[in-house]
Amino acid sequence: MPASHARQQLSQNANTEKSEKNQDYVKWFRNAAPYINAHRGKTVVLMFGGEAVLHPNFANIIHDIALLRSLGVKLVIVHGARPQIAERADLLGVDQQFEQHLRITDPKTLMAVKDATGSLRVHIEALLTTGLANSPMHGAQIRVSTGNFVIARPIGVKEGVDYQHTGLVRRIDTEAINRQLDYGSIVLLSPVGYSTTGEVFNLALEDVATQTAISLGADKLITFTEDDGLLDTDGSLIRSCSVGKVKELLDAYGKQEVDHVRQLLLRAIIQSGENGVERCHCVSYQSDTALLQELFTRDGAGTLIAKDHKEHIATASIDDVGGILELIQPLEEEGVLVRRSRKLLETEIDRFIVLKKEEVIIACAALYPYPEAKAGELACVVIHLDYRKGNRGERLIAAVEAFAKRQKLEQLFVLTTVSGHWFREQGFIETSIDELPEEKKQMYNYQRKSKVLVKGIA
């Protein structure tokens, strides 16, 4: 091949590769749009320790925080300073004392606390102010607000130990913080607080972040950790769980004597979830994509922890047959659902997932797998008329998707005569009968003229 032709071929290959990358980016951006809209105007508290600030990836986290602000998210950043305080104390020749994993902050240690937190605050403010051309934050023009927003009190003397200037959060000045958030500023909080007597107290990062999230009624608390997210006792990443599961994990960690800082993280998540914060996320500060991936993609990157509901989702048992029949009967009579006899339902009960409130079934759905086609039929999706508000349908669909994923299915499909729009809102796309698995295609009822909708399972 002549050299000119070879160069032309290389150029064509490069252009094709570039075009494919651009197409992937556009697809990602389109898929992210619903998540962008969902987060706009929401209040989010971000919590990271001093270890995260020391990590080379911290600059990327700052860039992503700036991006969140540009997308209309109201942000409160709470930073820690444990390693920086330890370093300053060593430089000052201070003998560091701990009791029950708490630092005893005497006057000399308090000097190290002030030095470390002050330097860190200035460092983070400087990074948030960066706006050089060709940098990710060019044109961001972010305003950062800091101040005496955290009112503290001393821990005092416990079991004969005087903790001196180590304190606890007394209250958060939510009115002042909300005013700054409404102005468009990012609020930056350090792990120190101030008393009405003019004293300064060394506080735990987790205490400040938790009390801030609760007091503000934040929509989310996002925590950064060294790991990919929360890990189970086998070291595997937990993708999503309830606050109750985090409690179980904390108990298990306690038996394994896992480091105290990790236990503080779990307690912060539990306390936030039990006091009004709907969702907590745990992501890695070592990954330069984790934060955005967690918030703007369906599968996320770390761990999502949802507030416990009095309602719970479970796999149906034989005892649930009567409740399911009672729930689906009105829709069967209307012709919306195909009739199921008690005998058939008893045979297929292991395919059903139910949503219960105080042990009463208020919603159900079934999954019929077609393993050869790596697809599953989502069927019999019913929510009691009195409970159709809220996100129960979304929770039910998510549970079925998880059920299908465990069976290594790659696609869900649904046949419906009246609920096509609702399923489209859940991410399903209308398609033709030809896209059904062959076995299901042969059973298709042309008299009902059901619409076929599909959704991929990532």
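Helices and strands here are DSSP runs, H or I of at least four residues for helices and E of at least two for strands, numbered from the N terminus. This is a predicted model, in which local features need pLDDT of at least 70 and side-chain atom pairs count only at pLDDT 80 or more, while totals for chains, interfaces and linings use all residues. Residues are numbered from 1 along each chain as its sequence is written, and side-chain values use heavy atoms, with hydrogens and water left out.

Let's stay with α13 for a moment. The helix covers residues 392-406, and its 15 residues should span 21 Å at 1.5 Å a residue, which agrees with end C-alpha atoms that are 21 Å apart. The expected span is 1.5 Å times one less than the number of residues. Which residues of α13 are buried? They are R392, G393, R395, L396, I397, A399, V400, E401, F403 and A404. Buried means under 20% relative accessible area, exposed over 50%, and partly exposed in between, with a 1.4 Å probe and protein chains only. An α-helix has 3.6 residues a turn, so residues three or four places apart point the same way.

Now to the sheet beside this helix. Seven strands make an open sheet with mixed pairing, in the order β17-β18-β19-β20-β21-β23-β22. Its edge strands, each pairing on one side only, are β17 (311-315) and β22 (429-431). From one strand to the next, the twist averages 30°. Two strands pair if DSSP finds at least two bridges between them. β17 and β18 (residues 352-357) run antiparallel and are joined by five bridges, with T315 standing opposite I353 in β18. α13 packs on this sheet, touching β17, β18, β19, β20, β21 (411-416) and β23 (451-456), and its direction makes about 35° with that of β19. Contact means heavy atoms within 4.5 Å. Axes are lines fitted to C-alpha atoms, for helices over the stretch in contact, and angles run from 0 to 180 degrees between N-to-C directions. Helix α11 (residues 321-334) lies across β18, β19 (360-370) and β20 (375-383), running at about 85° to β19.

Nine of its eleven residues are buried, so the strand is mostly covered. Six bridges pair β18 with β19 in the antiparallel sense, and I353 has A365 in β19 as its bridge partner. On to β20: seven bridges join β19 to this antiparallel strand, and L367 is partnered by L378. β19 and β20 form a hairpin with four residues between them, and K374 in the turn has a positive phi of about 55°.

β20 also takes us to a pocket. The second largest pocket has a volume of about 1000 Å³, and β20 gives the most to its lining, with seven residues. A pocket is found on a 1 Å grid over the protein atoms alone, as an open set with protein on both sides within 12 Å along at least five of seven lines; a cavity is a set of points where a 1.4 Å probe fits but cannot get out, and lining residues have an atom within 4 Å of a point. Grid points are joined across faces, edges and corners, and a volume is the space filled by probe spheres set on the points. Of the 35 residues lining this pocket, L337, A379, C380, V381 and L415 lie nearest its centre.

A second sheet is next. This open sheet has eight strands with mixed pairing, in the order β5-β10-β2-β1-β13-β15-β16-β14. Here the edge strands are β5 (144-145) and β14 (240-242). β5 pairs with β10 (residues 186-189) in the parallel sense over two bridges, and S145 has V187 as its bridge partner. Helix α5 (residues 107-129) packs on the sheet, touching β1 (43-48), β2 (74-79), β5 and β10. Helix α7 (residues 205-216) lies across β1, β2, β10 and β13, at about 175° to β1.

Within β13 (residues 220-225) sits T223. T223 counts as buried because its relative accessibility is 0%. Leaving aside residues up to four places away in sequence, T223 touches M47, L265, I269, H281, C282 and V283.

Finally, the whole protein has 15 helices and 23 strands, and buried residues make up 44% of its 458 residues.
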